[in-house]
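Look at the sequence and the model together.

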Amino acid sequence: MYYKTGIQRTSENEFLASGHVISFTHTVVPDGIEPDDQGRRIVHKGSLIAESGKMVTVAAGGTFSEQPAGILMDALDVTHGPQPGALAVEAYVIGARLNLGTEYTAAVGKKIHVALPEIKFRYDEPEESEGTE
C-alpha cells in the first residue's frame with residue numbers, strides 16, 4: 001500500500017451516537033471526488049456510499065445521486081485508486097455530523113432511514129423537561 005509522508009492530517013467529527021455498530025467491508029472508488037489542495041482525494045467519514053462504491057450526494061430536497069448502501073466509518077484516501085472501507089449498515093448516528101454535502105434536516109434523515117432502515121438518528125440537542133428549574 002502506498003504511504004506518503006509530510007502531509008497535513010486532519011481530525012473529523014464523530015457521527016456515531018452509540019458504540020453498537022454493524023459494518024461491512026466495501027470498496028470505495030475515487031469517481032467524483034475532487035482533490036484537496038495537496039492533491040489528495042479524501043472520502044470523509046460519515047459519507048453515504050452507494051453499492052457502486054461512489055460517494056452519494058444529497059440534493060437540498062433530499063434526493064440521492066444513487067441509492068446509499070451504508071455510511072463510511074472512517075476517512076479514506078482514494079488518491080491512488082479504489083480502497084476498502086467499512087460501511088455502517090446498522091447504527092445510531094447524529095445526523096448533523098454526517099458528510100452529506102447539504103444541511104441535515106429531519107426530512108433528509110427520514111429519506112436516509114427509508115434507504116437504510118437500520119440507521120437510526122439520535123439528535124444531539126437535549127430535550128427540555130417541564131417543571132425543572
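Over which residues does pLDDT stay under 50? That stretch is residues 124–133, and the model has 2 contacts for it beyond four places in sequence. Here pLDDT is the predictor's confidence in each residue, from 0 to 100, and contact means heavy atoms within 4.5 Å. The average pLDDT of the protein is 85, and 83% of the residues score at least 70.

This is a predicted model, in which local features need pLDDT of at least 70 and side-chain atom pairs count only at pLDDT 80 or more, while totals for chains, interfaces and linings use all residues. Residues are numbered from 1 along each chain as its sequence is written, and side-chain values use heavy atoms, with hydrogens and water left out.

The protein has 7 strands and 1 helix, in the order β-β-β-β-β-β-α-β from the N terminus. Both kinds of element are DSSP runs numbered from the N terminus: helices are H or I with at least four residues, strands are E with at least two. Among contacts with a separation of 6 or more, 64% join residues 24 or more positions apart.

Of the 133 residues, 35% count as buried, meaning under 20% relative accessible area with a 1.4 Å probe and protein chains only. Val93 has a relative accessible area of 0%, so it is buried. Beyond its neighbours within four places in sequence, Val93 is in contact with residues including Phe15, Leu16, Ile71 and Phe121. Ile71 is 22 residues from Val93 in sequence, and their C-alpha atoms are 9.8 Å apart.

Key:
Buried means under 20% relative accessible area, exposed over 50%, partly exposed in between (1.4 Å probe, protein chains only).
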